[in-house]
Amino acid sequence: MKNQPKKIAVLTSGGDAPGMNAALRAVVRASVFYGIECFAIHQGYQGLIDNEFELMNARSVNNIINKGGTIIKSARCLEFRTPEGRKKAYNNIKNGGIEALVVIGGDGSFTGAMIFQNEFNFPVIGIPGTIDNDIYGTRYTLGYDTAINTVVEAIDKIRDTASSHNRLFFVEVMGRDAGHIALNSGIGAGAEEILIPEENLGLERLLESLKKSEKSGKSSSIVVIAEGDKTGKNVFEIASYVEKNLPYYEVRVSVLGHMQRGGAPSCFDRVLASRMGVFAIESIIEGKSNSMVGVIDDKMVLTPLKKAIKGKSKINTNLIKVSDILSI
Ligand code: ADP
């Protein structure tokens, strides 16, 4: 702990996710614990450019562990994508005496952090905050557990209507490139079929499965579809295709949308955020940089930002089999 920095800064960037506040709390309190001054930067990278720094103390992060969103705000910042914007950010950071930066965000935010690190040789550590769980180098990202619980709760409610009216519901969930949310919430909510971006299960197979269900006495069903499912069709197109081919089903569509991002973080996400925040500060103290914190096999690990951005987080294909077996 010889070259421990005296001042660091933390920001939240990109899409918000439940657990970002809990991570902010952990970063601030771990900094205070280790005798480091911690500044919160408001509005993500925009706040770096606009010099919106706020000195935090242990009490500044009271009563936020349970809050969704991010109290220091997030922003999409075009200026940070330019060398001039990043130079402004660097000047502000240098003038403020900041010696390291913690970025809580997704792969876009990490790309910005990596470029910033490379240009100015400035220490950065990332904390993965995104509901999609699509970042390499960690088994779980902040917000994912909360999101799948939110989705399961929503589908439970939809199921009440589906079963009361013998309806077939198509529920679209978030996940343009990754099927983690669809696959896990689909199994958790007892879905009939789950369509994901990673595997093309095909529309014919969907029809066959629904026909079989109807024959076996099921009068209502739920199909979960990730935004970016591989059939290339959106949820409305899939629903009308099924309606045309299986007229005995009364079909409805529900797009869950942004409600999946909101809400109080689950206990799992709060613990994860707390561990990641503490580990981020301890990594900075050890002189680590250009890396993302993550959890693998319940151990805290660091992955180079480049790998975290480029690598692919794989779905558990065994879950597809489990879903098939249980939806007979
Ligand atoms: P997420 O972090 O959730 O993936 P974005 O992709 O919107 O969200 O990225 C968040 C912010 O990170 C952007 O608004 C921008 O300021 C910064 N960023 C993303 N990509 C780059 C890049 N290639 N160069 C510089 N900054 C970037």
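Helices and strands, as named on this tour, are DSSP runs numbered from the N terminus, where a helix (H or I) has at least four residues and a strand (E) at least two. The model you are looking at is a predicted one, and residues are numbered from 1 along each chain as its sequence is written.

**First stop: a buried threonine**

Begin by selecting Thr-12, which is found in strand β1, the run of residues 7-12. Is Thr-12 buried or exposed? Thr-12 has a relative accessible area of 0% and therefore counts as buried, the cut-off for that word being under 20%. Now show the side chain of Thr-70 as well, and you will find that the side chains of Thr-12 and Thr-70 make a polar contact at 2.8 Å.

**Second stop: the ligand and its surroundings**

Next, select the ligand, which sits in the largest pocket, and display the residues around the ligand, of which there are 16. The closest of these residues are Arg-76, Cys-77, Gly-106, Gly-108 and Ser-109. Which element gives the largest share of this shell? Color helix α4, residues 107-120, and you will have marked that element, from which 6 residues of the shell come. If you color the shell by residue class instead, the shell divides into 4 nonpolar, 8 polar and 4 charged residues.

At Gly-108, a backbone N or O atom lies 2.9 Å from an oxygen atom of the ligand, and at Gly-15, a backbone N or O atom is found 3.1 Å from a ligand oxygen atom. At Arg-81, by contrast, the atom to look for belongs to the side chain, where a polar atom lies 3.4 Å from a nitrogen atom of the ligand. Taken on its own, the ligand has 560 Å² of accessible area, and the protein covers 84% of that area.

Gln-43 is partly exposed, with a relative accessible area of 30%. Then move to Asn-290, in the loop between α9 (267-285) and β10 (291-296), where the phi is positive at about 55 degrees, although this residue is not a glycine either. Asn-290 has a relative accessibility of 21% and so counts as partly exposed.

**Last stop: two distances to trace**

Select Phe-170, found in strand β6 (residues 167-173), which is buried with a relative accessible area of 0%. How far from Phe-170 does Met-56 lie in space? Drawn from C-alpha to C-alpha, the distance is 46 Å, while the two residues are 114 residues apart in sequence.

Finish at Leu-201, whose place is in the loop between β7 (193-195) and α7 (203-215), and which is buried with a relative accessible area of 17%. From Leu-201, draw a line to Ile-181, which is 20 residues away in sequence and 17 Å away in space, C-alpha to C-alpha.

Conventions:
Predicted model: local features only at pLDDT ≥ 70, side-chain atom pairs only at ≥ 80, totals over all residues. Heavy atoms only, no water. Near = heavy atom within 4 Å. Polar contact = N/O pair within 3.5 Å; in protein donor to acceptor, adjacent residues only side chain to side chain. Areas by Shrake-Rupley, 256 points an atom, 1.4 Å probe, with all protein chains shown as cover. 1 Å grid on protein atoms, 1.4 Å probe; cavity = no way out; pocket = protein on both sides within 12 Å on 5 of 7 lines; lining within 4 Å. Sits in = over half its atoms within 2 Å of the grid points. Nonpolar A, V, L, I, M, F, W, Y, C, P; charged D, E, K, R; others polar. Buried < 20%, exposed > 50% of the residue type's maximum accessible area, 1.4 Å probe, protein only.
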